[in-house]
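Please look over the chain shown below before reading the report. The notes after it are meant to be read with the model at hand.

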Amino acid sequence: MLMRPIGGRCNPRADFEETVPAHLPAIPPAHLAAAVAAGDRPLADASPNPGATTTTG
């Protein structure tokens, strides 16, 4: 079963921006955006399905 990302994205979880400050309030909001961007880079560079083969017919 394929599922869509919750909150519109796969990385990080949809409640990341709410959860981190609740536990670590000293972290500036700009650092959260940078963390999301850093996590998105490897996902953007990865093949969508590296082990897939194409079957027709």
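## Basis of the model

This is a predicted model, in which local features need pLDDT of at least 70 and side-chain atom pairs count only at pLDDT 80 or more, while totals for chains, interfaces and linings use all residues. Residues are numbered from 1 along each chain as its sequence is written, and side-chain values use heavy atoms, with hydrogens and water left out.

## The chain as a whole

The chain has 2 helices and 0 strands, where helices (H or I, at least four residues) and strands (E, at least two) are DSSP runs numbered from the N terminus. Of its 57 residues, 9% are buried, a term for under 20% relative accessible area, with exposed meaning over 50% and partly exposed in between (1.4 Å probe, protein chains only).

## How the helices meet

Helix α1 (residues 16–23) and helix α2 (residues 29–45) have axes that come within 11 Å and cross at roughly 130 degrees; the axes are lines fitted to C-alpha atoms over the stretch in contact, and angles run from 0 to 180 degrees between N-to-C directions. That angle makes α1 oblique to α2, since angles under 35 degrees count as roughly parallel, over 145 as roughly antiparallel, 65 to 115 as roughly perpendicular and the rest as oblique.

On the α1 side, the contact (heavy atoms within 4.5 Å) is made by Phe-16, Glu-17, Val-20 and Pro-21, and on the α2 side by Leu-32, Ala-35 and Val-36.

## Two residues of helix α2

Ala-35, found in helix α2, counts as partly exposed because its relative accessibility is 39%. In sequence Ala-35 and Pro-12 are 23 residues apart, and in space they are 8.9 Å apart, C-alpha to C-alpha.

Val-36 also lies in helix α2, but with a relative accessible area of 12% Val-36 is buried. Val-36 and Arg-13 are 23 residues apart in sequence, with 9.8 Å between them in space, C-alpha to C-alpha.
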